[in-house]
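Dear colleague,

I am handing over the structure below, and after it you will find my notes on what was found in it. Please read them alongside the coordinates.

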Amino acid sequence: KLGSTAWAKTKAKAKKAIMDMADELIKTYATRAKHDGHTFGPDSVWQSELESSFPHVETPDQDRAAADVKRDMESPRPMDRLICGDVGYGKTEVAVRAAFKAVMEGKQVAILVPTTILAEQHGATFTERVAGFPVKIEVRSRCRSDAERKRIVRGLKDGSVDIVIGTHRLLSKDVSFRDLGLVIIDEEHRFGVKHKERIRGMRALVDVLTLTATPIPRTLHMSLLGARD
């Protein structure tokens, strides 16, 4: 009941949780502002080949988004960019180009998606787009057997896996990367609080690209304020 001792305790607990989360966010952003991340070089010849193999004509917004992302990656400041666009408007192709650029410099890429179906879809799309290039892609979800999951974990640790696409299972404590350079988060609003805490731990100084058709108010607000690009 309003005004009861239990209500007061509930409010105090919620307030502390909000302050703790704000404190963690401030620390993360302060670390990213103070320290340089990896500075990627200009596009390689293979990058140009990959982009020219895109079977559609890019829209002006697609071209601009891809250019903005690559410019961020070539800056020493860790990227934290939000790509917002409706379903079917080409966000995935922007992500493919960013991931390929990271892999071309020996960095690993983690792509977090909210559902197993989306993980499998992205796995098929990314595999098709980078076919013909020496890029190792794996999908880690509940559709994989225990043996396959263990093999993928080993590959991430020793660096033999370049791009891994997965659900929140990618955030398990047994998953570690040899040299993570880019985190791509698809539909951030679909992940729970605990998942986001783990994501924050992954993204201290790596480049981060968030894709969404429906940005949550806080994410959109941070972008409009300039805290995110």
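I begin with the charged pairs. Arg97 forms a salt bridge with Glu51, with 4.0 Å between the closest N and O atoms, where a salt bridge is a side-chain nitrogen of Lys or Arg within 4 Å of a carboxyl oxygen of Asp or Glu. Because Arg97 lies in helix H4 and Glu51 in helix H2, this pair ties together parts that are 46 residues apart in sequence; helices (H or I, at least four residues) and strands (E, at least two) are DSSP runs, numbered from the N terminus. Both Arg97 and Glu51 are buried, the classes being buried for under 20% relative accessible area, exposed for over 50%, and partly exposed in between, with a 1.4 Å probe and protein chains only.

Before going further, please note that this is a predicted model, in which local features need pLDDT of at least 70 and side-chain atom pairs count only at pLDDT 80 or more, whereas totals for chains, interfaces and linings use all residues. Residues are numbered from 1 along each chain as its sequence is written, and side-chain values use heavy atoms, with hydrogens and water left out.

By the rule above, the count comes to 19 salt bridges. One of them joins Lys101 to Asp43, with the closest N and O atoms 2.7 Å apart, and this pair links distant parts of the chain, since Lys101 sits in helix H4 (residues 91–103) and Asp43 in the loop between helix H1 (5–34) and helix H2 (45–52), 58 residues apart. Lys101 counts as buried at 3% relative accessibility, while Asp43, at 33%, counts as partly exposed. Lys101, Asp43, Arg97 and Glu51 are among the members of a network of salt bridges that also includes Glu58, Lys70, Glu74, Glu93 and Arg129.

A further salt bridge is that between Asp174 and Arg140 (3.6 Å, N to O). Asp174 lies in the loop between strand E4 (163–166) and strand E5 (180–186) and Arg140 in strand E3 (residues 137–140), so the pair ties together parts that are 34 residues apart in sequence. Asp174 is partly exposed, with a relative accessible area of 44%, and Arg140 counts as buried at 6%.

Turning to the sheet, 6 strands form an open sheet in the order E1-E6-E5-E2-E4-E3, with parallel pairing; two strands pair if DSSP finds at least two bridges between them. Strand E1 (80–84) and E3 stand at the edges with a single partner strand each, so one side of each is left without a neighbour in the sheet. Within it, E5 and strand E6 (residues 207–212) run parallel and are joined by 5 bridges, and Leu182 stands opposite Asp207 in E6.

Last come the nonpolar cores, a core being a set of buried Ala, Val, Leu, Ile, Met, Phe, Trp, Tyr and Cys residues joined through side-chain atoms within 4.5 Å. The largest holds 32 residues, of which Val109, Phe126, Ile163 and Ile184 touch the most other members. Two or more residues each come from H3, H4, E2, H5, E3, E4, E5 and E6, and the largest share, 8 residues, comes from H4. Apart from this core lies another, of 16 residues, among them Leu112, Val175, Val183 and Val208.

With best regards
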